[in-house]
Every structure is written in structure tokens, then in C-alpha cells.
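The sequence and structure come first.

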Amino acid sequence: MGLLEHKFQDNVVVASMDKLLGWARSTSPWFFQFGLACCAIEMMATAASRHDLMRIGMIPRSSPRQADVMIVAGTVTMKMALRVKKLYEQMADPKYVISMGSCATSGGPYWQYGYHVLKGVDLVVPVDVYVPGCPPRPEALIEGLLKLQEKIQAERPLTKKIA
Amino acid sequence: MTSDQDTFIADAVEKALAGDMDAINSIEDRSIRGKAKAALVKAKRAAKAEQKSESSEESQGGGTPEEKVVQSSLSALLSSVYPDEIIEILNEGKVVQLKPQKWNEIATFFRDHADALLDQLECLTGVDLGTEEPLQVRYNLHSMKHRHKIEILINADRVKPEIPTVETIWRMADWFEREVYDMYGIVFTDHRDLRRLLCPEDWEGWPLRKDYEEQESYHGIVVPKVKEGWE
């Protein structure tokens, strides 16, 4: 703790439980790597040393059971769509989905004639953040992840909802 | 460089080209020896290039003469052994259209006959020529030993497309045939494992046919057909 070491008496931090939970959740959203096409390369670049996702608390996981965020990076075919859904269902709550790139968002270049491409991953799983681009640059993906962190931070999981 | 040296080097190179390498190797001055060797390489290269241009002039008009003979001999071999099976010989014998009935037997013959030895199936493609035309399968065969090639075409009926498999003859054909089955619905009879290769197994229709229509939904997932205003 360097500078702050041995400078204080016993002390207490006062915060609302919701904010504390939001802070904890938003600063360590481990992501489930779902690289399906060329977007996966950008996702890898984002996680690698130059852009270093670790600094915003994100670690790539290969198992849906250890992950909080699913980054769907790439073209989702009909065959894959069923698997995407199944893997999403295996993630533990709270869970979030980022749709990365044109293909995952809307089918992208396969919109008109791609007979076997899912026209948007939001047809099978609920999406929290859409990142546009073909493929999006790592900066764009990081922007999307920061937006997601804002969203998680603003959640109030303990507060009673007024109907 | 003096002209004296020039003539000396030219002399040495001439001797070396005639087969006497000592003429260069015995030069004592290192720089002159180096120059002489460089000149020798240059002279040899020029001689080679000249030779090449001469030979290419002789064989103008597509391929070396040797290749041409082999090409026509493959289709000639086929027409001498299976004259009834050939429908048409196209493109100077490089492409042969066959009837499907005896294809398996012909393929074995092609692979094993000493003058053919077509041991490699380079490619197997399905073609849809149009809704009024039959479906077609094209086989590109190549021989590692004789270095010759031939292309075989076989037409298949549009309503009930069936062609004997060559999967047991060239193992390569296994996935090729599965792909063609997946995309065109051509059934390769007696194939040991004829399933779809790329599409899901419960997919409907044959995507690369000209008259293909997408299915309405897949496992409850909507496939939007009208793309305008669907957002």
C-alpha cells in the first residue's frame, strides 16, 4: 500500500450494497471467448499485450461456467446458433452478451444471400452491447466493454423493484 | 581495369568454358581471379538462356510435344477399352464425358492400368448447369508417375441423381462426395458414410442447386425472407 501504509486509524467505508456489488462485478467480467470468424483475430489482439484486456479486469475463459460475458465474435451459422444458445444457457448468472462485428449483429455481408447464416445473434440470445465494424478494431471492442461495465455498474440487483 | 587485363580474363573464361578450369584457378592475383569467375558464371548463364529460348520456339502452340501425346493417349486408351461408355471427348482429349453405369469399373481401370496409373484424385466438383439441365460431377485425375491429367464428366438426372461412388478407389473422394451430396443432393451409391458434410444433418434442401429455396425456419429460429424493412 506504499503511500497509505500506517497512516490511518481503524476505519470504515460506507457504500450502498448495490454499488459495492456493481463495482465488484463490473471490474472483473471474465469473458467467454467465442471466436467464430475473422473478428476472433481482433478479439485475440484485444486480449494480447498491446491492448491488454487484463487491465480492465477481463480474462479469457474457455468454459462457459467460469465466464460472465460472452463475446460472440464472428459469423454465426444456423448450425452454430444452436450451440451458441446451449453455451449461453450453461453460463452462470449474472451473464452478459456482446455481439461483436456486423456478422454477429445482423448477418453482415451474408444478410442478403447467406442461406445458412443467422441474421443477428439476438435472435437466439439477449445481447447487451453491439459493437459495429467489420471487424471492429480492438479500440472499438474495448469501448464496447467499457460501455458494458457502465451498464453492470448501474445495475441495482438488491433493490426491490417497484411494479 | 586495363584492356590488357580484359583480354587476359576473356582468354581464361574461354578456356574454362572449353573445360579447362585450371586456366582460372591458376591466376595468382585474387581480384583478377574473382573477376574471371564472375565472367564465367555470366557466360554460362547467357548460354543457358539462349538454349531455352530456342527450345521454347520449337514447342509453340501449347505444352511440350510429349505432354500432348500422353493427353490424347489417355482418352484413346479409354475409347479402345470402353468404347460404349464414352458420350463425348472434348478439348483435345483432356475432358471425357462418360455414362454413369460403369464408372466404378472404369475408375479402377484408370487407377491400376500401367499406361494410366491415375493414382490421385485432385478434385471432385458438383455443377448445376441450370434448372432445365442435368446435374454434373467433374473428376480431375492426375498420375504421379506419368505426370498426366484427365478430367471426367458424368451427368446425373435432376430428379433422381445417382452416381456410383469412387470412395473405395480413391480415399480422397470420401469427403469430396459428401460435400457434393451436401450441396447438390447427388447420391453416390455404395458410399459407406454418406452424410452431409457442412450443413447440419437436419437441413432441408440442396443449397447450391439453382432452384434452391431457403427454409422458413430452423429449430424455431426464423429465417427472414423479405429483407426490406426487417430490422
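In this predicted model, one residue pair is in polar contact between chain B and chain A, with both residues at pLDDT 80 or more. By class, the side of chain B that touches chain A is made up of 14 nonpolar, one polar and two charged residues. The count of salt bridges between chain B and chain A is zero.

The size of an interface is often expressed as the accessible area lost when the parts come together. Here, the area buried between chain B and chain A is about 1400 Å², and carbon and sulfur atoms give 74% of that area. The values for this interface are set out below.

| Item, chain B and chain A | Value |
|---|---|
| Residues of chain B in contact with chain A | 17 residues |
| Residues of chain A in contact with chain B | 12 residues |
| Area buried | about 1400 Å² |
| Share from carbon and sulfur atoms | 74% |
| Salt bridges | zero |

Within chain B, helix 5 spans residues 103-112, and its buried residues are W103(B), I106(B), A107(B), F109(B) and F110(B). These residues lie on the same side of helix 5 of chain B because they cover an arc of only 160° around the axis.

Helix 6 of chain B, residues 173-184, contains R178(B). Is R178(B) buried or exposed? With a relative accessible area of 7%, R178(B) falls under the 20% cut-off and is therefore buried. Apart from neighbours within four places in sequence, R178(B) is in contact with H191(B), D193(B), L194(B), R195(B), R196(B) and L197(B).

Note on methods: Residues are numbered from 1 along each chain as its sequence is written. Chains are lettered from A and ligands numbered from 1 in the order in which they are written. This is a predicted model: local features need pLDDT of at least 70, side-chain atom pairs count only at pLDDT 80 or more; totals for chains, interfaces and linings use all residues. Side-chain values use heavy atoms; hydrogens and water are left out. Contact means heavy atoms within 4.5 Å. Buried area is the accessible area (1.4 Å probe) that two parts lose on being put together, summed over both. A salt bridge is a side-chain nitrogen of Lys or Arg within 4 Å of a carboxyl oxygen of Asp or Glu. A polar contact is a pair of N or O atoms within 3.5 Å; within protein, one must be able to donate a hydrogen and the other to accept it, and residues adjacent in sequence count only if both atoms are side-chain atoms. Ala, Val, Leu, Ile, Met, Phe, Trp, Tyr, Cys and Pro count as nonpolar, Asp, Glu, Lys and Arg as charged, and the others, Gly among them, as polar. Buried means under 20% relative accessible area, exposed over 50%, partly exposed in between (1.4 Å probe, protein chains only). Helices (H or I, at least four residues) and strands (E, at least two) are DSSP runs, numbered from the N terminus. The arc is that of the directions from the helix axis to the C-beta atoms.
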